[in-house]
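I wanted to go through this model entry by entry and write down what I looked up.

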Amino acid sequence: MNILLIRENLLKDKNTDKLRELNINITTIKANEFSAFQKSKEYHSFDFIVGATELKDLDMAKWPKLKIIQTISSGYDFLDYDSLHSNNVIVLNAKGVYSIPISEWVIGIIIAHYKKLPYFFENAKTKKWKPNYSIQELSNKKVLLFGTGSIGQEIVRRLTPFGCIIHGVNSNGRKVSGFSKCFSLKNSKEEVGNYDILIFGLPSNKETIDYVNKDMLKRLNDNAVVINVGRGTLINEKDLVEYMKLEISNLSFYLDVVNEEPLAKNNPLWDTPNIFISPHNSFASDQHMERLENLILENIEAFINSEKFVNKIK
């Protein structure tokens, strides 16, 4: 069995050594080396690849023995899934690995916004004692959470104790535990104006691309807080910048993902009022790498023993 790890430090040395003792060959390359590595031979003999967005350039003709792709991300929209499926390649994703840190990030953003923590931090830098009594409670805030899967459920688990009213959005409006009500994505635009907080954790697909556009922005509550930790393609950034520069509402957008990453310094998102950018950082924690490693090892073992995979994409 041959495994290609695209990125260093996905597996600890002790686990790599154990796999090699089982006559499993492991090759590790950096993400920016994948293109040259793929071209370096007429074909490769790997059974199992662990990687991410660089696999968008995967040429199946080069990988005739490939059976498994394990992504290190929850999303897999960068893969040519139809081509992989037709070649009987199984795709596994990293659902659940990053749900806890992302949910904690979202809660942190919400608290910082309503308790005006940036205001106090800035004043402290200049030793300015200036109270602000316009801070708000989270109690009874109405929250609409787009995505009721692993990330959404972790967010609900952490928001519920604050006394928020939490509704969800998924593909068909099916009821999900923890959400008092759920809407389908198709019908959700009729509802968005009723909410104080909108949280997006959606994948990128034809239904979600440009979901937040000029029409949808006009429907939002004037004081709504919008947080995107899903995919940057969800938002039509041109429409967002134009709308926010009108300054006809008090909307606030917190974007941890954007269409093109890293975001160019001359991108107008940086300078548009009430848009706050973070560099796709919400997934990070001191524990996510251990979860990812455990997932990779579990699926390698499942492959060896012809057992059920974790997070198999159907």
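I looked up Ile199 and found that, leaving aside neighbours within four places in sequence, it is in contact (heavy atoms within 4.5 Å) with Val106, Ile110, Val143, Leu144, Leu145, Phe146, Ile155, Leu159 and Ile227. I then looked at the cores, where a nonpolar core is a set of buried Ala, Val, Leu, Ile, Met, Phe, Trp, Tyr and Cys residues joined through side-chain atoms within 4.5 Å. Buried here means under 20% relative accessible area, exposed means over 50%, and partly exposed lies in between, with a 1.4 Å probe and protein chains only. The largest nonpolar core has 47 residues, and Ile199 is listed with Ile110, Leu159, Ile227 and Leu292 as those with the most contacts inside it. At least two residues of this core come from each of β1 (2-6), β3 (48-51), α4 (99-114), β6 (142-146), α6 (150-159), β9 (197-200), β10 (225-228) and α10. I also noted a second, separate core of 30 residues, which includes Leu144, Leu185, Ala224 and Val241.

I am working with a predicted model, in which local features need pLDDT of at least 70 and side-chain atom pairs count only at pLDDT 80 or more, while totals for chains, interfaces and linings use all residues. Residues are numbered from 1 along each chain as its sequence is written, and side-chain values use heavy atoms, with hydrogens and water left out. The helices (H or I, at least four residues) and strands (E, at least two) are DSSP runs numbered from the N terminus.

Which residues of helix α1 are buried? I found Asn15, Thr16 and Leu19 buried in this helix, which spans residues 13-21. Seen down the axis of α1, these buried residues fall within an arc of 100°, so they line one face of the helix; the arc is that of the directions from the helix axis to the C-beta atoms. The cover over the buried residues of α1 includes β2 (25-29) and α10 (288-304). On the face turned away from the buried side I noted the exposed residues Asp13, Lys14, Lys18 and Glu21. Just after α1, Asn23 takes a positive phi of about 65°.

I looked up Asn311, which is in the segment after α10 and is buried, with a relative accessible area of 15%. Not counting residues up to four places away in sequence, Asn311 touches Val91, Leu92, Asn93, Ala94, Lys95 and Leu295. Ser184 is found in strand β8 (residues 181-184) and counts as buried at 11% relative accessibility.

Side chains of opposite charge can pair when their charged atoms come close. I took a salt bridge as a side-chain nitrogen of Lys or Arg within 4 Å of a carboxyl oxygen of Asp or Glu, and the structure holds 11 of them. One of these joins the side chains of Asp77 and Arg231 at 3.4 Å, N to O. Asp77 lies in the loop between β4 (68-71) and α3 (81-86) and Arg231 in the loop between β10 and α9 (237-245), so the pair ties together parts that are 154 residues apart in sequence. Asp77 is partly exposed at 39%, and Arg231 is partly exposed at 23%.

Lys125 and Glu122 also meet in a salt bridge, at 3.0 Å from N to O; they are 3 residues apart in helix α5, which separates them by about one helical turn. Lys125 is exposed at 62% relative accessibility, whereas Glu122 is partly exposed at 45%.
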